[in-house]
Amino acid sequence: EHCRAEDEVAGKKNAVSYCILEANATRTEGSGRNRRTVLIFKGLIVRLDFNKNFLGHTIVVPDRESKILGGLLGESQTRRQKELVSLENVDFEGEFSVYSTDQQEARYLLTPKLMELILEAQAVLGTKLRLSFHDNSVFVTVPQTHDRFEVKLFGEKVTPESAVGELAEVIR
């Protein structure tokens with residue numbers, strides 16, 4: 001597997017540090033003439049500092065994709081060491097599956113308000129999100145097909161604000 005990241009935008013909003021990277025992850029499959037490169041993920045990775053060190057590791061994946069063998073980002077390897085977490089938000093559970101090494105911490109992290117915010121963020125961005133709560137950060141993947149930070153010779157000037165766009169609302 002090969003992962004490449006570029007164009008980091010970092011900042012602080014309401015005392016929360018964040019950074020956004022464009023990432024491209026591929027995997028080579030087959031051999032000889034059947035060898036091909038498969039795109040696993042193209043988009044943004046957003047890291048938000050949580051100011052709390054997590055004891056466990058909790059991941060939130062799109063519900064229908066959690067059934068795919070291996071998962072789109074290959075997280076099934078880490079999922080094997082985690083248990084499926086049941087939550088009380090029917091709308092959230094209709095969209096996401098949650099796996100964690102610490103059931104109690106996962107329920108503590110995924111408050112009703114946070115689950116609501118994640119659903120809203122997914123609606124604003126119009127794409128399937130994945131989250132990982134690890135160490136003292138939450139990582140969010142946002143699939144994108146276009147290069148958000150690319151500078152065009154005769155285009156508008158790219159600023160952190162214009163590049164971040166609707167992500168500023170999500171981060172807020």
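Student: How many helices and strands does the protein chain have?

Tutor: The protein chain has 7 helices and 8 strands. Both are DSSP runs numbered from the N terminus, with helices being H or I of at least four residues and strands being E of at least two. This is a predicted model, where local features need pLDDT of at least 70 and side-chain atom pairs count only at pLDDT 80 or more, while totals for chains, interfaces and linings use all residues. Residues are numbered from 1 along each chain as its sequence is written, and side-chain values use heavy atoms, with hydrogens and water left out.

Student: Thanks! What percentage of the residues count as buried?

Tutor: Of the 172 residues in the protein chain, 41% count as buried. Buried means under 20% relative accessible area, exposed means over 50%, and partly exposed is in between (1.4 Å probe, protein chains only).

Student: Let's do aromatics. How many aromatic pairs turn up in the whole structure?

Tutor: A search of the whole structure gives 2 aromatic pairs. Rings of Phe, Tyr and Trp (its six-membered ring) pair if their centres lie within 6.5 Å; planes under 30 degrees apart are stacked, over 60 edge-to-face, and the rest tilted. Phe-54 and Phe-133 make an edge-to-face pair, because their ring centres are 5.8 Å apart and their planes are at 80°.

Student: Where do Phe-54 and Phe-133 lie?

Tutor: Phe-54 is in the loop between strand S3 (36–49) and strand S4 (58–62), and Phe-133 is in strand S7 (residues 130–134), so the pair ties together parts that are 79 residues apart in sequence. Phe-54 is buried at 5% relative accessible area, and Phe-133 is buried at 1%.

Student: And how are the rings of Phe-92 and Phe-96 arranged?

Tutor: The rings of Phe-92 and Phe-96 are tilted, because their centres are 4.9 Å apart with the planes at 35°. Phe-92 is buried at 0% relative accessibility, and Phe-96 is buried at 2%.

Student: Switching to H5. What span should helix H5 have, and what does the model give?

Tutor: Helix H5 (residues 112–125) has 14 residues and should span 20 Å at 1.5 Å a residue; its end C-alpha atoms are 20 Å apart, which agrees. The expected span is 1.5 Å times one less than the number of residues.

Student: Which residues of H5 are buried?

Tutor: They are Leu-114, Met-115, Ile-118, Ala-121, Gln-122 and Leu-125. Looking down the axis of H5, these buried residues fall within an arc of 120°, so they line one face of the helix. The arc is taken from the directions from the helix axis to the C-beta atoms.

Student: Which exposed residues does the face turned away from the buried side carry?

Tutor: That face of H5 carries the exposed residues Pro-112 and Ala-123. Just after H5, Gly-126 has a positive phi of about 65°.

Student: Back to Met-115. Which residues is Met-115 in contact with, leaving aside neighbours within four places in sequence?

Tutor: Met-115 is in contact with Leu-87, Asn-89, Phe-92 and Leu-110 (contact means heavy atoms within 4.5 Å), leaving those neighbours aside. Met-115 and Phe-92 are 23 residues apart in sequence, and their C-alpha atoms are 6.4 Å apart in space. Met-115 is buried, with a relative accessible area of 4%.

Student: New topic: how many salt bridges are found in the whole structure?

Tutor: The search finds 5 salt bridges. A salt bridge here is a side-chain nitrogen of Lys or Arg within 4 Å of a carboxyl oxygen of Asp or Glu. One of them joins Glu-95 and Lys-128 at 2.9 Å, N to O. That pair links distant parts of the chain, with Glu-95 in helix H3 (residues 90–95) and Lys-128 in the loop between H5 and S7, 33 residues apart.

Student: Are Glu-95 and Lys-128 buried or partly exposed?

Tutor: Glu-95 is partly exposed at 27% relative accessible area, and Lys-128 is partly exposed at 26%.

Student: Which residue does Lys-113 form a salt bridge with?

Tutor: Lys-113 pairs with Glu-116, the closest N and O atoms being 3.9 Å apart. The two are 3 residues apart in helix H5, so about one helical turn separates them.

Student: And which residues are linked in a network of salt bridges?

Tutor: Arg-27, Glu-29 and Arg-36 are linked that way.
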